[in-house]
Number of protein chains: 2
Amino acid sequence: VRTLKLTLAYDGTRLVGWQRQADGVSAQGVLEDALALLEGARVSVHGAGRTDAGVHAIGQVASVTVGCSHDAATLQRALNAQLPEDVRVLAIEEVPSDFHARFSARSKTYRYRIRNAPIADPFDRLYTWHVPETLDVAAMRRAAASLVGTHDFAAFQSTGSDTASSIRTITRSEWQEAPGVLTYEIAGTGFLRHMVRAVVGTLVEVGRGWRQPASVAALLAGGSRSESGPTAPARGLFLVDVDYH
Amino acid sequence: VRTLKLTLAYDGTRLVGWQRQADGVSAQGVLEDALALLEGARVSVHGAGRTDAGVHAIGQVASVTVGCSHDAATLQRALNAQLPEDVRVLAIEEVPSDFHARFSARSKTYRYRIRNAPIADPFDRLYTWHVPETLDVAAMRRAAASLVGTHDFAAFQSTGSDTASSIRTITRSEWQEAPGVLTYEIAGTGFLRHMVRAVVGTLVEVGRGWRQPASVAALLAGGSRSESGPTAPARGLFLVDVDYH
């Protein structure tokens, strides 16, 4: 019996999310089904984070305990041969038996991509939110910087979250500009339900001049979800990296 | 009455190709339907080239005669609001009435993209051919260079072509390397049915060491389609540019 750490990429477009559900295709579901074929028995895979329907991953991490004795490279080839084209195993490594993709994670990094040009790019449409208006990126950067630190993110949490506390620590929150594409990266020890998308929806309102950069810091000091911006579309969001050290 | 030149991009994944067909969604069909709504009458659009099912375009050109008096920018916005997300009008300009997207074209450029890495990229899978094996790019470059000039491309023409002559002039034929992606660009005065994909299928056989670079020049001196390589998948092919000067 061995514990394996799998690094995964998936295009979330047609997925109901990471988590297996009664209906629809999930990343966890196709991975468990592919592993079950190799193991000859039902297998449970644990993911570092539950990406929502339509959200992508380029560095999701999952842990699983298996009995089969294939080496990692052989197992990776066998899994990728079995998985649908929109889900790929990028790496497999053997880890100590107490490793758990979710509970051992120290921090996660998410990326949000915005197509910021008058015309949408048909080849990037599934992987960006199209915002045609000119945005004040300097104001968005100031507002983004105010998120770094330990704060109560209740104003950026979807109703229906069931966590005990909405206090989280953010270590990085910044915008990068490339021609036609704005990219936001946020890293932290944990994230609430829909938190990154609510943050992006709010920062874009800052960029449109609908709210002041300083209003974002005010939301961290006791704001409610109704005062922050809309939830940005799932298609722009990527789980980029999970850190375990 | 005015003649317009439209520059178009489309993701060919779900399209039956450029040309309107009895069944399925075509780029010409959705464009004619969107223009007909604005004109209040049936409109015929002429494309520079008939891309096949699954082939993409980032610079297809179409010409059309319209009666409506909207300026080009307004017409472009109205069309993009009407068109499906996978087809975009990138530019519209008014041209002399004798302009015809197909007959006025002097040359075309196509691009073919190969994902050349052990694992496919889920986000690029619809826009590349995945070739996991290591390829001899230097040999592919030598073979590609031998296509430049005026030759009989009968060996790279799909059966069922109905053109009078299979002689064509190629002005550029080269491979570019980036990490994990090989890109082939070919420019010429005209192309036969499936010609670029047959050329790429043959050049990849050179890269795999299955045939010598010099064998490609031999195919131009009297070879038949059965002697060249397979037709590369449509998903890697892009119509990049049509030149009129």
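A salt bridge here is a side-chain nitrogen of Lys or Arg within 4 Å of a carboxyl oxygen of Asp or Glu. The model on display is predicted, and the tour begins with one such pair.

**First stop: a salt bridge.** Select A:Arg125 and B:Asp11. These two residues form a salt bridge, with their closest N and O atoms 2.9 Å apart. Across the interface of chain A and chain B, 6 salt bridges are found, together with 4 residue pairs in polar contact. On the side of chain A that touches chain B, strand 1 (2-10), strand 3 (56-66), helix 2 (72-82) and strand 4 (87-95) each supply at least two residues.

**Second stop: the whole interface.** Display both chains. In contact are 21 residues of chain A and 21 residues of chain B. About 1,600 Å² is buried between the chains, and carbon and sulfur atoms give 67% of that area. Now select A:Ile119, A:Phe123 and A:Arg125, which supply 39% of the area that chain A buries against chain B, more than any other three residues.

Chain A superposes on chain B by a rotation of 180 degrees with 0.0 Å of shift along the axis, at an RMSD of 0.0 Å. This is the relation of a two-fold axis. Both copies use the same surface, as 100% of the contact residues of chain A recur in chain B.

Select residues 137-145, where A:Val137, A:Ala139, A:Met140, A:Ala143 and A:Ala144 are buried. Viewed down the axis of helix 3 of chain A, the buried residues fall within an arc of 155 degrees, so they line one face of the helix. Their cover includes strand 8 (167-178), strand 9 (181-188), helix 4 (195-207) and helix 5 (214-220) of chain A. Finally, select A:Asp136 at the start of helix 3 of chain A: one of its side-chain oxygens reaches to within 3.3 Å of the backbone nitrogen of A:Ala138.

Conventions: Residues are numbered from 1 along each chain as its sequence is written. Chains are lettered from A and ligands numbered from 1 in the order in which they are written. This is a predicted model: local features need pLDDT of at least 70, side-chain atom pairs count only at pLDDT 80 or more; totals for chains, interfaces and linings use all residues. Side-chain values use heavy atoms; hydrogens and water are left out. Copies are superposed by least squares on the C-alpha atoms of residues with pLDDT of at least 70 in both. Contact means heavy atoms within 4.5 Å. Buried means under 20% relative accessible area, exposed over 50%, partly exposed in between (1.4 Å probe, protein chains only). Helices (H or I, at least four residues) and strands (E, at least two) are DSSP runs, numbered from the N terminus. The arc is that of the directions from the helix axis to the C-beta atoms. A polar contact is a pair of N or O atoms within 3.5 Å; within protein, one must be able to donate a hydrogen and the other to accept it, and residues adjacent in sequence count only if both atoms are side-chain atoms. Buried area is the accessible area (1.4 Å probe) that two parts lose on being put together, summed over both.
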